[in-house]
Amino acid sequence: MKHAFEGIYEGQIRIKLRKENSRIFFEMCDNGVGMPEEQEVDIENSMGMTLIKTLSKQLGATYELDTSHGTCYRFTFEKKENEKFDGPEKAKLIKAVESV
């Protein structure tokens, strides 16, 4: 999100969190300038993508990157009945979803 709004006076960041049965969806989007036109290899090895991959691994999630209108990351992961949490990040996300 650091470079999302370069040269733009106003922008929006949208965060969604929802639960369908045992599946949890977490979405973080902006309507900024989108991803830089670097080579795909450079983006995949960037610090930002390393953080996204690490979060995904910590959540046991799959992730999707959509750059059609700004940048949007979507994570999907399962919450199993009586699950023991692997880390505080996943526990906080699940607690937030259950309180909605």
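The paragraphs below lead the reader through the structure, from its overall layout to particular residues.

The model is a predicted one, in which local features need pLDDT of at least 70 and side-chain atom pairs count only at pLDDT 80 or more, while totals for chains, interfaces and linings use all residues. Residues are numbered from 1 along each chain as its sequence is written, and side-chain values use heavy atoms, with hydrogens and water left out.

The chain contains three helices and four strands. These elements are DSSP runs numbered from the N terminus, a helix being a run of H or I of at least four residues and a strand a run of E of at least two. Read from the N terminus, their order is β-β-α-α-β-β-α. Of the 100 residues in the chain, 28% are buried; this term denotes a relative accessible area under 20%, whereas exposed denotes over 50% and partly exposed lies in between (1.4 Å probe, protein chains only). Among the contacts with a separation of 6 or more, 49% are between residues 24 or more positions apart, a contact being heavy atoms within 4.5 Å.

The strands may be considered next. Two strands are said to pair if DSSP finds at least two bridges between them. Strand S1 (residues 13-20) pairs with strand S2 (residues 23-30) in the antiparallel sense, over eight bridges. Within this pairing, Lys16 has Glu27 of S2 as its bridge partner. The hairpin of S1 and S2 has two residues between the strands. Asn21 lies in the loop between them, and its phi is near 55 degrees, a positive value in a residue other than glycine. Asn21 is also exposed, with a relative accessible area of 74%.

S2 is joined to S4 as well, by eight bridges, and these two strands run antiparallel. S4 is in turn joined to S3 by five bridges, again with the strands antiparallel. S3 and S4 form a hairpin with four residues between them, and Gly70 in the turn has a positive phi of about 80 degrees.

Thr71 is located in strand S4 and is the bridge partner of Asp30. Leaving aside neighbours within four places in sequence, Thr71 is in contact with Met28, Cys29, Asp30, Gly34, Met35, Leu65 and Asp66. Thr71 counts as buried because its relative accessible area is 7%. The bridge partner of Asp66 in S4 is Cys72.

The disulfide joins Cys29 to Cys72, with an S to S distance of 2.0 Å. The pair links distant parts of the chain, as Cys29 is in strand S2 and Cys72 is in strand S4 (residues 71-78), 43 residues apart. Cys29 is buried, with a relative accessible area of 4%, and Cys72 is buried with a value of 5%.

Attention now turns to the interior. A nonpolar core is a set of buried Ala, Val, Leu, Ile, Met, Phe, Trp, Tyr and Cys residues joined through side-chain atoms within 4.5 Å. The largest such core has 10 residues: Ile24, Phe26, Met49, Ile52, Leu59, Ala61, Tyr73, Phe75, Phe77 and Leu93. S2, helix H2 (47-59) and S4 are the elements that give two or more residues to this core. Not counting residues up to four places away in sequence, Phe26 touches Ile15, Lys16, Leu17, Tyr73, Arg74, Phe75 and Leu93.

Aromatic rings form a further set of relations. Rings of Phe, Tyr and Trp (its six-membered ring) pair if their centres lie within 6.5 Å; planes under 30 degrees apart count as stacked, over 60 as edge-to-face and the rest as tilted. By this rule there are two aromatic pairs. Tyr63 and Phe75 form a tilted one, 6.3 Å centre to centre with 40 degrees between the planes. This pair links Tyr63 in strand S3 (residues 62-66) with Phe75 in strand S4, 12 residues apart. Tyr63 is partly exposed, with a relative accessible area of 31%, whereas Phe75 is buried, with a value of 1%. Ring pairs link Phe26, Tyr63 and Phe75 into a cluster.

Definitions and conventions. A disulfide is a pair of cysteine sulfur atoms within 2.5 Å.
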